[in-house]
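Reader: I would like to learn how to read strand pairing and salt bridges in a model. Please take one feature at a time.

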Amino acid sequence: MGHSGRGRSVPTMGLELYLDLLSQPCRAVYIFAKKNDIPFELRIVDLIKGQHLSDAFAQVNPLKKVPALKDGDFTLTESVAILLYLTRKYKVPDYWYPQDLQARARVDEYLAWQHTTLRRSCLRALWHKVMFPVFLGEPVSPQTLAATLAELDVTLQLLEDKFLQNKAFLTGPHISLADLVAITELMHPVGAGCQVFQGRPKLATWRQRVEAAVGEDLFQEAHEVILKAKDFPPADPTIKQKLMPWVLAMIR
């Protein structure tokens with residue numbers, strides 16, 4: 001053991017992950033860390049209680065978003081940055097984020113594409129179908145819902161045609177960060193009761209492969225909360241007032 005300098009007697013905490021498994025990027029980070037036996041302290045930030053909007057959490061992430069990571073004195077936000085940090089810091093199998101130049105570029109390509117496409121469509125599907133009407137008591141017009149679901153359908157087609165094609169996984173023969181980020185997104189509309197995989201045999205088989213690669217128990221554990229989204233009790237009026245500006249900004 002090296003001798004620590006003065007004032008350093010308090011050991012810094014190990015890895016801390018600030019998550020709520022209601023959030024799709026939090027699920028990706030959680031599954032990745034668990035699957036790769038990365039030791040971490042779980043810090044739950046309850047989104048539907050508005051804990052991410054608190055001053056206490058703003059000290060961890062001024063953007064007031066989850067996931068967030070603390071590693072000693074180092075704090076990191078943004079799920080893709082967190083996933084990449086974990087692949088670089090811990091000895092994880094190469095297939096998650098391959099060393100090979102072009103294989104890695106394929107993962108990067110998907111991670112860059114998904115932010116404004118699949119992320120947006122899946123988020124809107126969940127909120128327009130379930131969270132607005134059930135949780136917030138705000139009706140959503142049939143036209144809005146239909147447009148949201150049509151947009152999701154177009155995005156799913158792109159996911160299949162551009163990325164999955166005839167491969168086992170999105171970027172090649174092995175699971176990668178791309179698949180993990182994609183499947184956790186798709187479980188949002190699944191949680192809302194959308195038949196995402198119906199009539200899409202390729203995507204349905206891909207989902208089974210991803211679940212098997214992650215491990216079914218871990219997959220179920222990570223998605224328990226989202227699969228109960230339809231049963232959330234209505235939000236308390238004060239919580240609703242607190243959440244509305246955040247929600248509207250998030251699903252623009």
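Author: In this predicted model, local features need pLDDT of at least 70 and side-chain atom pairs pLDDT 80 or more, while totals for chains, interfaces and linings use all residues. Residues are numbered from 1 along each chain as its sequence is written, and side-chain values use heavy atoms, without hydrogens and water.

Reader: Which residue in strand 2 does L19 stand opposite?

Author: Two strands pair if DSSP finds at least two bridges between them; strands are DSSP runs of E, at least two residues, and helices runs of H or I, at least four, numbered from the N terminus. Here L19 stands opposite I44 in strand 2. Strand 1 and strand 2 (residues 41–44) run parallel, joined by 4 bridges. With strand 3 (residues 68–71), strand 1 pairs in the antiparallel sense, also over 4 bridges, and E16 faces K70 there.

Reader: Are the two faces of strand 1 covered or open?

Author: In a regular strand the side chains alternate between the two faces of the sheet. Buried means under 20% relative accessible area, exposed over 50%, partly exposed in between (1.4 Å probe, protein chains only). In strand 1, L15, L17 and L19 on one side and E16 and Y18 on the other are all buried.

Reader: How many salt bridges does the structure hold?

Author: A salt bridge puts a side-chain nitrogen of Lys or Arg within 4 Å of a carboxyl oxygen of Asp or Glu. The structure holds 15. One of them joins K240 and E138, with N and O 2.7 Å apart. K240 lies in helix 10 (residues 237–250) and E138 in the loop between helix 5 and helix 6, so the pair ties together parts 102 residues apart in sequence.
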